[in-house]
Amino acid sequence: MNAIQNQLEALHSQGNKVLGCFPLYPPLELIHSMGIVPVILWGFKPFFSQVPLADRHVQNYACSVGRYLMEFVLQDKGKSLDGLLMYNACDTLRNLPEIIQKGLGEETVLPLHSFHIPALSMDRSGAKEYLHDRLDELIAWLETTFSAKFSLESFQHSVNLYGQLRQLMLKCQALAGEGKALFSEYAALCETLNFMPLEAQIPALEKFCAQKEANKPAPCNARVLMSGILPPLREVLEILESAGLRIVANDIASMHRAWAYTPAFADDPAAYYADLYENHFPCTTLLPTADRRLAALESLLENSQARAWIFAGEKFCEHEYFELPYVEKALKARGISTLNLEFSLGDEQNLGAMKTRIEAFAEIMND
Amino acid sequence: MAQFNKTDSGKRLTRLITNGYMDNIVKAQEGAFVVWVAIIVPTEIFAGFENVIYSVPESHSALCAGKGVGVPLCEKAENLGYSMDLCSYARIDLGCHFNQGADSPTGGLPKPDLLVSNNNNCTLLAKWFDVYHREWNIPHFVLDIPFCYQAQKTRDMNYIVSQFQDLIRTIEQLSGQTFNPGKMAEAWNHSAQATLHWRRFLKASQNKPSGITAFDSFVQMAPTLTMRGTPELAEHYRLLADEAEERVARCEFPVPNEKYRLLWDNIAPWHQLRKMSTRLKELDANIISATYTYCIGSLEGSLDPLEFVNLSPLEGMARVQNFTICPHGLQLRGQAMKQAIEDMGIDGVVFASNRSCKVYSLMQMDQQRYIQEELGVPTVMIDVDHADARKYSEETAFVRMEALLESIDHARGQA
Ligand code: SF4
Ligand code: SF4
């Protein structure tokens with residue numbers, strides 16, 4: 001059993017109902033408000049060097065995020081999860097619900113719900129109403145599956161807590177930007193937080209901030225912004241940091257993109273989520289935010305005074321790779337240096353080549 | 001070799017396709033409002049306008065791949081920084097249009113005034129069109145089509161209809177033209193007629209030996225994408241179906257000694273149509289049908305013709321957003337394959353695993369197990385990218401297909 005499974009089993013044995021969610025931006029507040037612990041199914045890379053169960057069901061040209069999550073769910077067989085929730089994001093994920101159900105077989109009953117977030121601006125006709133309808137359906141599913149009850153008061157409470165969480169996440173990032181914490185430490189913290197209940201995440205983040213705030217800012221010239229779906233493996237972050245690069249800001253889907261925008265409470269979950277998805281920090285996986293992405297990156301670069309952009313590409317992720325040439329060209333035109341790194345299953349075996357590239361890049365930046 | 005290249009329908013098809021591409025170039029030069037669409041966008045809507053024309057980049061990419069220029073165009077896109085892992089249709093298209101139509105047999109497509117994509121065939125397509133949206137500063141209208149793991153729900157249909165209405169308003173505003181719903185309804189009728197004839201054409205595969213090959217259907221599906229809503233398409237498919245029936249009546253078969261009746265799962269291998277069909281014929285094998293083409297004119301999980309009674313044209317168009325096989329999930333696709341296997345007397349299934357197309361491919365391993373283990377039909381999986389010939393090895397593929405034929409023989413021996 002790996003560390004994540006241990007964490008989830010512990011959650012379970014404390015009597016929590018655990019809902020595995022994918023991909024990154026499910027309606028967390030809503031789920032939490034109904035007394036269910038949402039966990040986003042990412043961050044398995046350090047625990048699986050191979051994915052034999054997933055390999056029985058999907059070809060090796062599915063991204064590693066999808067393959068790891070399948071491996072986890074199929075190995076777990078519902079031991080630590082009480083249900084699965086997925087929403088539409090990409091072509092790989094779209095196929096997974098049915099494949100996972102096949103893989104689990106008839107003997108494992110793991111309730112699964114597919115949620116649809118409108119992939120268009122909420123100003124388009126029908127979008128808000130449709131989201132409303134799908135959220136009602138989700139609430140009904142959660143109520144039935146988990147014998148839970150939705151209440152506006154609890155929702156408001158959860159919205160407030162998630163608001164705190166978002167602010168703390170941003171604070172941790174800022175500490176890394178100032179050189180009071182290492183980005184690798186912050187990323188490692190995020191990995192563990194994801195499998196904790198929200199009530200434990202907040203104090204853990206507060207503790208991290210309190211510990212780091214007193215630190216003296218480390219000087220650094222080579223300030224970089226990192227983009228991607230997930231942060232690279234800790235080993236890679238450490239290579240970057242030992243090469244003298246400081247990740248002062250990030251546009252990583254599981255990190256800054258997820259936490260940067262906090263909607264105000266609305267006494268209707270549909271209005272709250274319409275606001276969240278409409279004004280979300282731009283993400284390659286949220287189609288209507290695409291037009292705002294370059295401007296958002298530019299302002300991150302400006303505010304953090306980063307001079308370089310590192311793209312941590314998830315191999316086979318079309319959403320990320322279609323935007324890469326455009327972003328890269330635009331940033332280069334502004335004098336920003338760029339480095340493309342690509343990550344896939346089994347990276348830990350190829351760290352040598354990556355190290356050489358990172359060091360060469362750092363050398364140029366430090367010159 | 002697929003026979004319809006040489007027949008009247010083959011010749012008529014070449015004329016229709018060539019004229020279609022040329023007409024579009026001329027009309028665009030004369031001021032028509034040009035829309036680029038993803039294949040399932042309901043192009044009948046454009047017929048409701050006086051002077052709106054559309055082009056289909058996916059179809060154009062298939063044409064490029066079929067004419068042997070897929071690889072150089074992919075390479076051009078890769079040189080611009082587009083990853084080799086992206087769908088080859090997209091790479092061909094980007095390689096072509098960021099090089100002023102270079103290498104395209106048609107000189108490329110007329111530059112669009114509007115891009116219309118959807119996320120039901122694949123989400124990738126919206127990202128691909130977004131590239132042009134940014135580079136050329138052209139509006140991009142995305143149709144959000146909720147994926148149906150089961151039959152489409154009324155609320156989904158209504159949501160889609162409201163987006164179609166939005167699209168109509170958008171085109172009115174951008175083009176300055178007024179929409180005429182009567183003309184759209186007429187186009188919709190032509191499409192409905194065309195699909196009925198298409199299904200009649202496909203029925204020729206039920207004959208033993210089959211009256212057609214899947215390769216014929218691959219070639220002949222092109223105008224479904226580029227000429228939907230026109231009387232010419234309905235007429236072409238009428239003649240095509242008549243011709244197929246007549247050939248069967250005259251006992252003219254593409255693989256006269258047909259010993260193995262195969263089903264193809266995935267997009268057509270555009271760069272291999274001639275070679276693959278010829279080589280299979282030498283083995284007395286015929287891929288008589290394909291999930292890619294038998295879905296046209298049917299609804300999710302069934303091979304039966306569409307029924308649109310009681311639906312308005314916009315509602316009917318919303319229903320057919322689920323008409324191709326790509327937007328089907330594992331269960332519905334398995335259901336349709338089962339029906340195809342039974343109706344057509346399929347001996348074996350070729351799963352073409354296609355690195356470009358995740359929506360189509362990432363369920364084939366389970367589908368293969370289902371067909372092989374639960375239905376007891378021999379299967380094989382081969383690697384074929386539909387448009388990037390670099391990702392295909394003919395010898396490896398044929399070693400596997402020959403093994404499939406052997407397992408069919410073996411199964412027969414045991415029967
Ligand atoms: S990394 Fe990309 S392809 Fe993979 S699951 Fe996420 S969005 Fe989909
Ligand atoms: S081939 Fe597949 S991935 Fe490519 S555009 Fe078509 S549906 Fe999308």
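Below I go through the interface, the ligand shells, a helix and some backbone details.

**Entry: how the chains meet**

I kept in mind throughout that this is a predicted model. I began with chain A and chain B, and found 48 residues of chain A in contact with 58 residues of chain B. The area buried between the two chains comes to about 4600 Å², and carbon and sulfur atoms give 53% of that area.

Next came the charges. I counted 8 salt bridges between chain A and chain B. One of them pairs Asp85(B) with Lys315(A), whose closest N and O atoms are 2.7 Å apart. For polar contacts across the interface of chain A and chain B, the rule gave me 32 residue pairs.

**Entry: around the ligands**

Which residues surround ligand 1? I noted Cys63(A), Val65(A), Cys90(A), Leu93(A), Ile229(A), Thr285(A), Glu314(A) and Cys317(A). By class, this shell has 6 nonpolar, 1 polar and 1 charged residues.

Around ligand 2 I found chain B residues, among them Glu58(B), Cys87(B), Cys122(B), Cys357(B) and His386(B). Helix α6 (residues 124–136) of chain B gives the largest share of the shell, 3 residues. The class count for ligand 2 is 8 nonpolar, 2 polar and 1 charged.

**Entry: helix α12 of chain A**

I wanted to know which residues of α12 (269–279) in chain A are buried. They are Pro269(A), Ala270(A), Tyr272(A), Tyr273(A), Ala274(A), Leu276(A) and Tyr277(A). Their cover includes α2 (28–33), α6 and α7 (152–178) of chain A. At the start of this helix, a side-chain oxygen of Asp268(A) comes within 3.0 Å of the backbone nitrogen of Ala270(A).

**Entry: Asp347 of chain B**

Is Asp347(B) buried or exposed? Asp347(B) counts as buried because its relative accessibility is 19%, and the cut-off is under 20%. Asp347(B) sits in the loop between α15 (330–344) and β7 (348–353) of chain B. Its side chain makes a polar contact with the side chain of Arg412(B), at 3.0 Å. Beyond its sequence neighbours within four places, Asp347(B) also has contacts that include Lys259(B), Tyr260(B), Val377(B) and Ile408(B).

I found a cis peptide bond between Phe22(A) and Pro23(A), with omega about -5 degrees. Pro23(A) lies in the loop between β1 (17–22) and α2 of chain A. Another cis peptide bond joins Lys208(B) and Pro209(B), with omega about 0 degrees. The loop that holds Pro209(B) runs between α8 (181–203) and α9 (214–220) of chain B.

I also noted positive phi values. Phe316(A), not a glycine, has a phi of about 80 degrees, and is in the loop between β7 (308–314) and α14 of chain A. Phe316(A) counts as buried at 11% relative accessibility. For Asn266(B), also not a glycine, phi is near 140 degrees. Asn266(B) is buried too, with a relative accessible area of 0%, in the loop between β5 (260–265) and α12 (273–282) of chain B.

Note on methods
Residues numbered from 1 in each chain as written. Chains lettered and ligands numbered in written order. Predicted model: local features only at pLDDT ≥ 70, side-chain atom pairs only at ≥ 80, totals over all residues. Heavy atoms only, no water. Contact = heavy atoms within 4.5 Å. Buried area = accessible area lost by both parts, 1.4 Å probe. Salt bridge = Lys/Arg side-chain N within 4 Å of Asp/Glu carboxyl O. Polar contact = N/O pair within 3.5 Å; in protein donor to acceptor, adjacent residues only side chain to side chain. Helix = DSSP H or I, 4+ residues; strand = E, 2+ residues; numbered from the N terminus. Buried < 20%, exposed > 50% of the residue type's maximum accessible area, 1.4 Å probe, protein only. Near = heavy atom within 4 Å. Nonpolar A, V, L, I, M, F, W, Y, C, P; charged D, E, K, R; others polar.
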